[in-house]
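Hi everyone, and thanks for making time. I'd like to walk you through a structure that may be new to you, so please have a look at it while I talk.

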Amino acid sequence: MTLKTGIFLVVLAAAFGGITYNSRRLLDFLRIGKWTDRFDNVYERLRRTFVIAIGQSKIMRDPVAGPIHAFIFWGFLVLIFAVIESIGEGLFGRFSLSFLGGVYSVITVSQDIFIGLIVISVVIALWRRLVTKVKRLQGDEHEKADAQLILYTIAVIVVALLITNATRIATGGIYPHEVRPLASFFAGFMCNCNKTLAWYEGFWWVHIVAVLGFMNYLPYSKHLHVMTSIPNVYLSDLRRKNYLKPIDFADESLAQYGVKDIEDMTWKQLLDGDTCTHCGRCTSVCPANITGKVLDPRWIIIATHQRMLDKAPYKVAAGAYGFESWEDAMSGKNTQPAALSTPLTTPGTLLGMRPRLTEEQVASKNFIGDYIPQEMLWQCTTCQACMTECPVSIEHVDEIVDLRRNLVMMEASFPPELQSAFSSMENNYSPWAFSPSERADWAEGMGIETMAEYSNSAESRQSTIDDRQSTPKEELLLFWVGCAGSFDARAKKITQAFAELMQIAKINFKILGTEEKCTGDPARRMGNEYLAQTLMKDNIETLNRYNIKKIVTTCPHCFNAIKNEWGDFGGHYEVVHHTDFVADLLTKGELVVSNDLHERVTYHDSCYLGRSNGIYDAPRASLEAIPGLEIVEMERSKSKGLCCGAGGGQMWMEEKEGKRINIERTEEALATDAKTIASACPYCMTMMTDGVKAKHEADNVRVRDIAEIVLEAVR
């Protein structure tokens, strides 16, 4: 054994010992959370991982930062082969992967290409941080220093590898099938002498020590995501349409509803904290933050990680795990919290380092309040913009709603204006204080039958049987009107317009009328899960009694709740949003455009329709089917569209800080010089209409629903 090999063995053992120790420590920290199964549907998880994590699809949404990060990421994937070769050389002397033949040629030329791209990317990244000072990249001093250290280390790793290869080539040590144009270029400036050999040995050590040191530094850095981002994407929720997991109120062992502290979270939510890249993409698109409010989605995830680092060591030392072990949990055994045990060692001895806070200091602090200001939680519109932009699939909205659940159901601490909405949903089955008896008043004189009226007719019942047997396309359709469409004066016009379109197309549809109740969406997003489930179950019982199979609705919030969340409670239906329905009728010729509309129109994407459910094309297709319309897009549209400001219960809350979100969005719409702002959501209709009035443009600009515009064209 050579001296080099002996020293390298010591370095390698220490490095992998540190990596093993830190990996075990972090896994133990995750185990203080609750168990959740994220190991199903392996194929879909792998597909998503290759698209998002390996393919960097979300990263590439940013045309500047995307390529910078992607080149560094892909480069390190290619350079893994160089690390393997370096380890092999340290153990065996001269070593390469040249036995791979032509594949080795591809690997080596790719490494040289990516070394160049990585160096360029690091320089641009440092320029953005230090010179142009991109706002979302400016953290505290510690975070800035950490980011710079990582970038400098990356530069050292690749430059040292380049010089190592160049000096080896200069001394005649080129391997079979090796193709390194960049290294060969620099090798031409080096002489074949002992000094070059010394340079080779020196930079070989710099490269491998930097790589091993980098891996051991990551667990203590905000760049821990280098290790956790791919697993986090793989383990992300497959039901990522705007879906919230229910609380099982039948479980009598539950003593906590929602999240009060980190032990109430799932292990996946804690992993989100480990994985946060601190890139600020989430915060840069948050409508609340954009308009000057304190909500910072990035900070909520960072604070979760910080609380875990402060508290987890003591929980681990006490054996206070949320589930017994990873093996037992994955097999479905022993997923209940383990009994507390007397620690054999102090937290400091167990972890090899003292936590920054003492156990008493940790106990004296509240997660909500000391780490995350409560005010932040009530400014979220649940628009999903943060989750859409997050390159590592962190689930911000789920955590925010879980924290709201604790505040509402455990502490009765919520904005006072929500009390009237909660009370109205409990008593009137709607967040607005209207009598349930008025729910079907909008249909007066339109000849629209309710399900109760239809069901009570023996002749209608027989007709339904005949229709289902002979003409399936005539199957009864339920028009779910929603609370806004039933009670709000402006939204009722949307309801009437869509109902008239269906009548023109001779669609066989009915309504529930006074039997319809709020879908539970507002209560659920506000954190009142118990009230939400009560409303959902009541509605599902009604629909199942009538054997409803297909539903159409004009409200994206109702659409999302029925389509994505009611299934947890036995409500399985085919749900269609009215924009899809209208576009389909136009395509089939069941609605025929007879009037040209010469207007300039811009369409505002509803968050719950677009980002939450991927419906972007149907509303635009309906507009494009109308001759004369000039359709222009706002600066932020489709998946990058800005929220109107009404979701997540904000419709019933006051914006007390910063600029109103609907004003920000209205200004963007007015900047297109459109005379009509088209929408597809009653919430958006209210917010955009108020925005136009606030900007004193009501006489010049109309806000209209897709159904209203199409009705004018086909009438």
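This is a predicted model: local features need pLDDT of at least 70, side-chain atom pairs count only at pLDDT 80 or more; totals for chains, interfaces and linings use all residues.

Let's begin with helix H24. It covers residues 489-504. H24 has 16 residues, and from its first C-alpha to its last it reaches 23 Å, close to the 22 Å expected at 1.5 Å a residue. Which residues in H24 are buried? They are Ala491, Ile494, Thr495, Ala497, Phe498, Ala499, Leu501 and Met502.

Have a look at both ends of this helix too. At the start of H24, Asp488 has a side-chain oxygen that comes to within 3.2 Å of the backbone nitrogen of Arg490. Setting aside residues up to four places away in sequence, Ile504 touches Leu591, Leu711 and Val714. After H24 comes Lys506, with a positive phi near 60 degrees.

Glu500 and Arg715 meet through their side chains in a salt bridge, 2.9 Å from N to O. Glu500 lies in helix H24 and Arg715 in the segment after helix H32 (706-714), so this pair ties together parts that are 215 residues apart in sequence.

Lys311 and Asp261 form a salt bridge between their side chains, at 2.8 Å from N to O. Lys311 lies in helix H12 (residues 297-317), and Asp261 in the loop between helix H8 (225-234) and helix H9 (267-275), so here the parts tied together are 50 residues apart in sequence. Lys311 and Asp261 are both buried.

Asp40 is partly exposed, at 37% relative accessibility. Arg45, on the other hand, is buried, with a relative accessible area of 2%.

How many salt bridges does the count come to? The count is 46. Some residues are linked in a network of salt bridges: Asp402, Arg405, Asp521, Arg524, Arg525, Glu529 and Glu565.

Now for the glutamate I promised you, Glu395. You'll find Glu395 in the loop between helix H18 (385-389) and helix H19 (396-410). Why does Glu395 count as buried? Because its relative accessible area is 3%, and the cut-off for buried is under 20%. What does the side chain of Glu395 join in a polar contact? It is the side chain of Arg38, at 3.2 Å. Apart from neighbours within four places in sequence, Glu395 is in contact with Arg38, Ser236, Asp237, Arg240, Lys268, Asp272 and Met387.

Next, a quick look at backbone angles. As background, most residues other than glycine have a negative phi. Gln56 has a positive phi, near 60 degrees. Gln56 lies in the loop between helix H2 (42-54) and H3, and at 4% relative accessibility it counts as buried. Thr382 has a positive phi too, near 50 degrees. Thr382 is placed in the loop between helix H17 (374-377) and H18, and it is buried, with a relative accessible area of 0%.

Let's finish on the surface. Which residues form a nonpolar patch there? They are Leu77, Ile80, Phe81 and Ile84, and together they have about 310 Å² of accessible area. Ile84 is found in helix H3 (residues 65-92) and is partly exposed, with a relative accessible area of 40%.

Ile504 and Ser86 are 418 residues apart in sequence, and from C-alpha to C-alpha they are 74 Å apart in space.

Key. Residues are numbered from 1 along each chain as its sequence is written. Side-chain values use heavy atoms; hydrogens and water are left out. Helices (H or I, at least four residues) and strands (E, at least two) are DSSP runs, numbered from the N terminus. Buried means under 20% relative accessible area, exposed over 50%, partly exposed in between (1.4 Å probe, protein chains only). A polar contact is a pair of N or O atoms within 3.5 Å; within protein, one must be able to donate a hydrogen and the other to accept it, and residues adjacent in sequence count only if both atoms are side-chain atoms. Contact means heavy atoms within 4.5 Å. Patches are made of residues with over 30% relative accessible area and no salt bridge: like charges are joined within 9 Å, nonpolar side chains (Val, Leu, Ile, Met, Phe, Trp, Tyr) within 5 Å. Accessible areas come from the Shrake-Rupley method with a 1.4 Å probe; for residues, only the protein chains shown count as cover. A salt bridge is a side-chain nitrogen of Lys or Arg within 4 Å of a carboxyl oxygen of Asp or Glu. The expected span of a helix is 1.5 Å times one less than its number of residues.
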